[in-house]
Amino acid sequence: MARADLSPLDLPHDADPDPDEVVRAAMRWHFSPETGTPFWLRRAASLGFDPLTDVKGHDDLTLFPNVANELRDVPAADLVPRGYGEHPDIVGVFESGGTTGAPKRVVCPRDWLDKLVAWSNANLDVHGFPRGVDWLGLTPSGPHIVGEIFRRSAVTHGRYGFQVDLDPRWVKRLIAGGKGAQADAYAEHVVDQAAHILRTQPIGVMTVTPPLLERIAQREDLVELINEKVRAIRWGGTQMDADTEQLYRTEIFPDTVLYGHYGSTMILGIAGQRHGTPPGEPCVFDTFSPYITFRVVDPQTGRPVGYGRRGQVVMHHVSKALLLPNNLERDTAVRVPAPAGRIGDSAAGIAPVERFDNETVIEGVY
């Protein structure tokens with residue numbers, strides 16, 4: 001089928017649809033009785049505006065309330081658009097980390113994951129990730145979408161995927177309970193498992209969280225193994241400061257590509273590190289626009305801060321799979337202009353807020 005015949009919601013990852021057309025198509029999809037999402041069809045009565053007539057483009061997404069907290073209790077089936085039919089191809093029901101209360105849930109159809117991974121793979125190519133090699137992932141699995149993204153990336157961009165599971169909720173619980181020694185022991189257990197895979201398998205790409213990469217970097221034998229075998233490292237899950245990234249890039253893993261991603265379960269995806277960031281400069285993360293977009297705002301007013309200023313990150317997801325606009329994240333960032341031709345903001349210098357939804361935020365725990 002020619003691209004001209006497709007809905008803006010069905011275009012491949014490398015198309016360049018008009019952002020406002022994507023938003024209007026999403027309103028028709030999620031709010032029409034034939035194709036709509038039960039959650040949004042029910043919620044429409046209390047919105048105070050008509051999404052089908054009042055939301056004309058991307059800027060109008062600010063009309064929506066932040067409904068993320070409602071996703072703690074909504075039946076998963078109510079989050080699947082009726083347009084997917086009686087037997088939708090669902091990859092999984094994924095949950096947030098549960099850092100600030102009970103986990104929130106989203107449902108991921110296969111067509112969205114295919115599009116997201118294709119976009120991500122294209123970014124990996126730009127950064128020089130080798131294709132057809134084996135991957136090692138030190139990532140959460142279970143209800144966390146990052147594990148599914150790892151598996152799909154490994155088999156579509158690489159060859160075989162080896163995975164060491166993490167349970168971030170358990171580690172956060174240990175730290176919150178003052179059991180730091182147990183959390184350390186758990187992290188070392190994870191690194192030990194990764195070490196065995198690195199010694200016995202031809203790993204060419206590694207996906208890892210910054211705290212675990214720090215532990216790996218403290219073991220000389222593992223540093224030697226990575227420099228011998230691993231050609232690229234993708235990091236994410238928590239933050240990495242610019243000085244640490246420079247140290248990895250220039251001294252510890254000088255011949256290995258280092259590439260970061262920043263994501264959230266609530267946007268069913270990730271933003272990718274902008275290519276060409278000089279060593280020592282904060283990573284800039286660009287979104288999968290126009291489906292995933294950021295705004296960096298003053299949390300008191302909800303208005304965007306000036307470029308180069310720090311604010312809180314608001315995420316929008318607008319696709320066939322999910323509608324979740326105005327999701328206020330528990331992170332701050334420096335506002336950066338998006339690449340030419342893209343909407344929304346890019347984000348640099350990601351850092352967690354201290355408290356969110358009246359809960360203490362525990363970061364960097366795995």
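Me: A cavity is a set of grid points where a 1.4 Å probe fits but cannot get out. Taking the word in that sense, how many cavities of 30 Å³ or more does the structure hold?

Reply: The model is a predicted one, and the structure holds 3 cavities of 30 Å³ or more. The second largest cavity has a volume of about 80 Å³.

Me: Which residues line the second largest cavity, and which elements each supply at least two residues of that lining?

Reply: The lining consists of H30, T37, F39, W40, V67, L71, L79, V106, A321, L322, L323 and L324. Helix α2 (38-43) and strand β12 (323-337) each supply at least two of the lining residues. Sorted by class, the lining of this second largest cavity comprises 10 nonpolar and 2 polar residues, with no charged residues.

Me: Turning to helix packing, at what angle do α6 and α7 pack, and how far apart are their axes?

Reply: Angles over 145 degrees count as roughly antiparallel. Helix α6 (residues 168-176) and helix α7 (residues 180-200) pack at about 155°, their axes being 7 Å apart, which means that α6 is roughly antiparallel to α7. On the α6 side V171, L174 and I175 take part, and they meet G180, Q182, A183 and Y186 in α7. The residues of this contact divide into 5 nonpolar and 2 polar, with no charged ones.

Me: How should I read α4 and α5, whose axes cross at roughly 60°?

Reply: The axes of helix α4 (residues 110-127) and helix α5 (residues 145-157) come within 10 Å and cross at roughly 60°, so α4 is oblique to α5. The crossing is right-handed. From α4 the contact is made by R110, L113, D114, L116, V117, N121, L124 and D125, and from α5 by E148, I149, R152, S153, T156 and H157. By class, the contact of α4 with α5 has 5 nonpolar, 4 polar and 5 charged residues.

Me: For the backbone, is the peptide bond from S289 to P290 cis or trans, and where is P290 placed?

Reply: The bond from S289 to P290 is cis, with omega near 10°, and P290 is placed in the loop between β9 (284-286) and β10 (292-297).

Me: What is the phi of L268, and in which loop does L268 lie?

Reply: Although L268 is not a glycine, L268 has a positive phi of about 50°; this residue lies in the loop between β7 (257-264) and β8 (269-273).

Key
Residues are numbered from 1 along each chain as its sequence is written. This is a predicted model: local features need pLDDT of at least 70, side-chain atom pairs count only at pLDDT 80 or more; totals for chains, interfaces and linings use all residues. Side-chain values use heavy atoms; hydrogens and water are left out. Axes are lines fitted to C-alpha atoms, for helices over the stretch in contact, and angles run from 0 to 180 degrees between N-to-C directions. Helices (H or I, at least four residues) and strands (E, at least two) are DSSP runs, numbered from the N terminus. Angles under 35 degrees count as roughly parallel, over 145 as roughly antiparallel, 65 to 115 as roughly perpendicular and the rest as oblique. Contact means heavy atoms within 4.5 Å. Ala, Val, Leu, Ile, Met, Phe, Trp, Tyr, Cys and Pro count as nonpolar, Asp, Glu, Lys and Arg as charged, and the others, Gly among them, as polar. On a 1 Å grid over the protein atoms alone, a cavity is a set of points where a 1.4 Å probe fits but cannot get out, and a pocket is an open set with protein on both sides within 12 Å along at least five of seven lines; lining residues have an atom within 4 Å of a point. Grid points are joined across faces, edges and corners, and a volume is the space filled by probe spheres set on the points. A crossing is left-handed if the near helix is turned anticlockwise from the far one by less than a right angle, and right-handed if clockwise.
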